[in-house]
Number of protein chains: 2
Amino acid sequence: MALTRRALLEHIGTVGGLGAAYLAMEALGLAIPTAAGAENFKLPGGSGDGRSVVILGAGISGLVSAYELKRAGYRVTVLEARDRIGGRAWSIRNGDRIVQTGRPDQRASFSPGLYFNAGPARIPSTHRVILGYARKFGVGLETFVNVNRNAGWDFGGKVQRERRMVEDMRGQLGELLAKAIDAHALDGQVSKDELAAVRRFLVPYASLDDKGRYAPGGSSGWSVDGGGYAQAPVPLPRLAFNDLAPSPAVTLPYLFEHIWDMQSTMLQPVGGMDRIAHAIYQQVKPSVRLRSPVTAIRRSGDRVRIEHGPGSQMTEADHCVCTLGANLLEKIPNDFSPAKKAALKGVNYLASVKVGFEAPRFWESDDNIFGGLAWTDRANENVIYPSNNFGAARGVLVAAYVAGWTNRDNPQKFAGYGNEQRLEVCRDSIEALHPGRSKLLSKGVSVGWGLVPYSEGVGALWPDGPGGNGARGGQYAELLKPEGPIVFAGEHLSYQGLWQEGAALSAHEALKLVAAMAKASAA
Amino acid sequence: MALTRRALLEHIGTVGGLGAAYLAMEALGLAIPTAAGAENFKLPGGSGDGRSVVILGAGISGLVSAYELKRAGYRVTVLEARDRIGGRAWSIRNGDRIVQTGRPDQRASFSPGLYFNAGPARIPSTHRVILGYARKFGVGLETFVNVNRNAGWDFGGKVQRERRMVEDMRGQLGELLAKAIDAHALDGQVSKDELAAVRRFLVPYASLDDKGRYAPGGSSGWSVDGGGYAQAPVPLPRLAFNDLAPSPAVTLPYLFEHIWDMQSTMLQPVGGMDRIAHAIYQQVKPSVRLRSPVTAIRRSGDRVRIEHGPGSQMTEADHCVCTLGANLLEKIPNDFSPAKKAALKGVNYLASVKVGFEAPRFWESDDNIFGGLAWTDRANENVIYPSNNFGAARGVLVAAYVAGWTNRDNPQKFAGYGNEQRLEVCRDSIEALHPGRSKLLSKGVSVGWGLVPYSEGVGALWPDGPGGNGARGGQYAELLKPEGPIVFAGEHLSYQGLWQEGAALSAHEALKLVAAMAKASAA
C-alpha cells in the first residue's frame, strides 16, 4: 500500500474524517493491542523511528502522550505554559500561588503535609487507564469516601443528616408503592406474582409496618442511641415529604451516589491528586519545557511549527499532539481549516470553584464524619471532608465545590464573588453544618477555575453532560479530526469527559493517529 | 445516708433490681459525667481507694473495665482463659493457631504484614466509645469499605455486579410507582401537590423516560464503556424483576447498606482489629493473667472468690466484673441466685464462621474492586475484599462470612463442614465471582466461632436482633442485675450487641455499679 504521507494526512484531515483514519490504520496493518484492556495501551515498539513530536500542554493527556511516544521511539518536546505540570490536576500546598484573572493572587499557607486538591480529587475504581499509570509508576492509592450518611444536608434553612433524608425518602416512596399495590392499582399491568414479590420485598426495603406504613426503625438514625444495659435506642420520627424535598435544589444529592462514576467509595493517590501527573512526569522530565505558552500553531509543509514563549521561540516537529482545551485553542492563532475553526467556537466549559480551609478535625471528633460529602442549597453547594489521616490533628476541609450541583447558576455566581466573600459564604455554611465550629477554619483559599489562566474552566460540557452517552453531533466529530500533522487530545475529546481518564483515553486515540501517519509516511 | 454496703448489695441484687441501683447511685450523689459523650466516661477519681476487683475475661469489656478501674484507684486482676487477650476481637497472623472443638487445629501461614480479622472487622463511625479508646491510645484508623457496586452478587446461579442489581431494582420500583401515580391510583390518599412532587422526583431518581418507563442510563453499568474520541458508552439493558429477586436469599444484600450500623464506609484499625484491644492492654498489662480459665465463681461474705487455672488457684476481691458470655457462664459453677441461674439458660448465640485466604489481588487488577463485599446464596454467603494497601502484591480475602445473611440455616450448616470442605465451598464461590482465579487462593483457614473454646459463639441474639430496639423482656433485665459484689458486662448486656461498642458501653454501666457499691460501703 503506497499512500504517501501527504496524501494520507489530507485524506484523514479533510476528506474522510476520523473513520477514514481508522480505516487507513487498519489497511496499514497497524496493530495496536487494546483487547486486553485500555490500561495495556502501547504503541508498536520503535514505531517512532526518531520522528519528532511537539506536545502542547503538560496535563494528563500531554504527559501520557509524551510517555507513550517516547517509549515507541519518538523524539518528544512538551510545551507547558505554566511553571508546573499537571494542568487541572493541581494539589495546592504550602507556598503555592493561586492566580485568577481579576482577583488578587493568593498564597497557600497550609501546614506541612496538608494539600488541597483544587482540581480532580477522586478516581472511580473503573478508570483503569489512569489507575494503570498510577500502578505502573508506584503511586499509592487509598480510599476516597464519596458518600457519608453522617454528613449534613442543609436545605431550605434546615440541616438534617443525610442518613435521615435518604432513608426517609426510600421509606416514603416504598409506602406509596405499597399503598398502590394494596389498592390493586397495578393489577393487570404487572403479573400477579411479580406484584406479590414486590409487595413482600417492600416490607424490609422500605421498613413498612403491617399496615404498609413506613415506620422508621433506625436506618434513618436514632433520637436516643442504644447504650449499655437498659438503654434501648429510639428511632427518629419520620420527616414530612416537604422536609425531604423542600426544593428542586436537593435533587442531586439523592442521585449523586447513583451516578456511574460517583461511587460511594472511590480512590485517591496518597499525598495528593497531582502525584499521578508527577509520576508520569518523572518518565519524561527532560522533554518538558515549562513557562512556554503557545502563541501560534502553524503548519510548515508536512510538518508543524509552534510559536511559543518564553520570548519568541519556535519549535518544529513532524507531528503535534495538541491537548489544549477548545476554549483556549480557539484564541490561539493557527492555520486550522475553516471547519475546525468553526467547531472550536462556543464549546461550553464548566467554571467550577473550590474553596479549601485548614482546620482541626472537628467533623471527626464532633460528628463522626470520616470523609464524604455534605450538601447545601447555599452557594458553596458541596463540602468535602478529608478521607485520609483520620485522627490527625488537622486537615484540609473543602468547604465549597461549586459546579452547579444544586443550582446551575451557582458556579457563575460564586466565581463572581471576591476571594474573601467566597470564604465568608463557606464559613456561614460550615457554621450551619457544625454550629460553633466555623471559627476554627483558617488559611482559606479559593480557586475559580474559569478565571485561572491556561485553564479558564475545568472541562467541556457536551450536551449529554459529564459521563453521559448522548450523541454529540457534528461539532464534536469535527474536533476529533486531525489537521494534517496535528492531532488533538484532552478530556473534552472523550466520553469520560471532565475526568483524567478521558484525558488519557483521548491521548491514546490521538497517538494511534500519529502512529498511523508515521507508518504511512515510512511506507 | 447510712446504707451499709451489705444492705446496698442486697437491695440492688435481690430486691429492687437495676433501677434501684441507679436510684441508689443518685441518692449517694455519685456524679459520673456522661453528658459530654459516652467516650468521656470516667469514674470519680480515687473512688477505688485501693479496693480490689477481679475481672473475668480480657476481651474488650474486661480490658475497658480494667483500664477504667485502675485509673480510679482500684486494684485490679484480670483472669483470661486464653493465651492472648482480645476475646472475639482476634486478628490472625502468621503462626497463630486456630483451635476448634472437634476439628484439627489449623496454623495460619500468611505472609508477613497480612492479617485475617476472624472476629469484628469494621467499626461504625458512630461508635464513639470504642473509637474514643482507639484515639486515646494512638491506634490509627482507616476506611473499611463496606459497600462496593463493582462487587458481584451470585444468586440463583447467576453473577451480576451489585451496581446492576441495586440500580435496576430502584428503577423498576420507581417505574411501578410512577405508573400508579399516572393511573391516579393515589389521588385522594395523598395531596395533589405531593403526588406531583413525587412524580417529578421519580424521573431522575428512577431514571424514567418520558413514558414513565425505567430506562437504564449508566447507573446500572455499561455494556460498552465510554472511551476516547468517538467511543460513546452503551448502557446495560434492564434485567427482569425475576433476575433482581430470584429468591428471598437476595433480600439482605439490598438492605445491608441501609442498616444503621452497616454504613457504606466504616472504620478499621490500621494493622488489624486487635490493635484496639492491645492498646488498652498496654495500659493494664501487669494486671492481666493469661491462661487462667475460671472454674468457679463464689461469694465469700461481702466479697467474691474466683477459682481458676492454671492448676487450682483462688483469687479473692472486693468486687468482680464478670464479662463472660451467658453461654459460657451458664456452665461455670457459681453461687448465683436462682433467678440469675434461670436467666443464664438458653440465651441464643450466633455461631458465625469466617474463612480467610491469602491471594494476589486479582479482584483489584481484574475487576476494579477495592474493598467492599460480594454476596451469594452459596453457603459462604459473604465475601470481604481488603480495604487497605491497595495495589500491594497480596492480600487476605475473607471468602466466607457466614452469619445467616442469606439463609438463617447457613451458620450451622457451614460450621458443620470440615475445615477443608469449608475452603472448598469458598473456592467454588470465588471461581463463580472471579472465573479462573480461585486457583490463586492459598493458605486458607476457617474459624467456626461456635466451636472455639472460651467463645462458643460471637454474640447473643436477642429477639430484637442485632442493633434492634425491641423490648428484651425479663430474661435480659435479670442478666443486668448484680449478684452482690459481682457485676456483669459484655456485648450481650447492651443495645449495641455483637459490637465492641456494646462491650465497652456495658462495661461502663457495670463500673458505675461498682463505684456506687464502693461509695456506699465507704459511707
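Modeller: Two strands pair if DSSP finds at least two bridges between them. Helices (H or I, at least four residues) and strands (E, at least two) are DSSP runs, numbered from the N terminus. This is a predicted model, in which local features need pLDDT of at least 70, side-chain atom pairs count only at pLDDT 80 or more, and totals for chains, interfaces and linings use all residues. Residues are numbered from 1 along each chain as its sequence is written, while chains are lettered from A and ligands numbered from 1 in the order in which they are written.

Colleague: How many bridges join β19(A) to strand β23 of chain A?

Modeller: Strand β23(A) covers residues 442–448 and runs antiparallel to β19(A). Within β23(A), Val447(A) is the bridge partner of Lys354(A). The number of bridges joining β19(A) to β23(A) is 5.

Colleague: Which residue of β22(A) is the bridge partner of Gly356(A)?

Modeller: β19(A) also pairs with strand β22 of chain A (residues 394–402), in the antiparallel sense and over 8 bridges. In β22(A), the bridge partner of Gly356(A) is Val398(A).

Colleague: How many of the 8 residues of strand β19 of chain A are buried?

Modeller: A residue is buried if 20 or more other C-beta atoms, placed from the backbone, lie within 10 Å of its own, exposed if 12 or fewer do, and partly exposed in between. Strand β19 (residues 353–360) of chain A is largely enclosed by the rest of the structure, because its count of buried residues, out of 8, is 7.

Colleague: Which residue in the turn between β15(A) and β16(A) has a positive phi?

Modeller: Strands β15 (residues 303–308) and β16 (residues 313–317) of chain A are antiparallel and joined by 5 bridges, and His308(A) stands opposite Gln313(A). The loop between them holds Pro310(A), which a cis peptide bond with omega of about -5 degrees joins to Gly309(A). The two strands form a hairpin with 4 residues between them, and the turn residue with a positive phi, about 70 degrees, is Gly311(A).

Colleague: How many other C-beta atoms lie within 10 Å of Asn368(A)?

Modeller: Asn368(A) is in the loop between α11 (362–367) and β20 (372–376) of chain A. Its phi is near 55 degrees, a positive value in a residue other than glycine. Asn368(A) is buried, because the number of other C-beta atoms within 10 Å is 20.

Colleague: What rotation superposes chain A on chain B?

Modeller: The copies are superposed by least squares on the C-alpha atoms of residues with pLDDT of at least 70 in both. The shift along the axis is 0.0 Å, the RMSD is 0.0 Å, and the rotation is 180 degrees. That is the relation of a two-fold axis, and the rotation that gives it is 180 degrees.

Colleague: How many residues of chain A are in contact with chain B?

Modeller: Two residues are in contact if their C-beta atoms, placed from the backbone, lie within 7 Å. In chain B, 73 residues take part, and the number in chain A is 73. The elements that give two or more residues to the side of chain A include α3 (128–136) and α15 (500–522). The copies meet through the same surface, because the share of interface residues of chain A that are also interface residues in chain B is 100%, and the number of residues of chain A in contact is 73.
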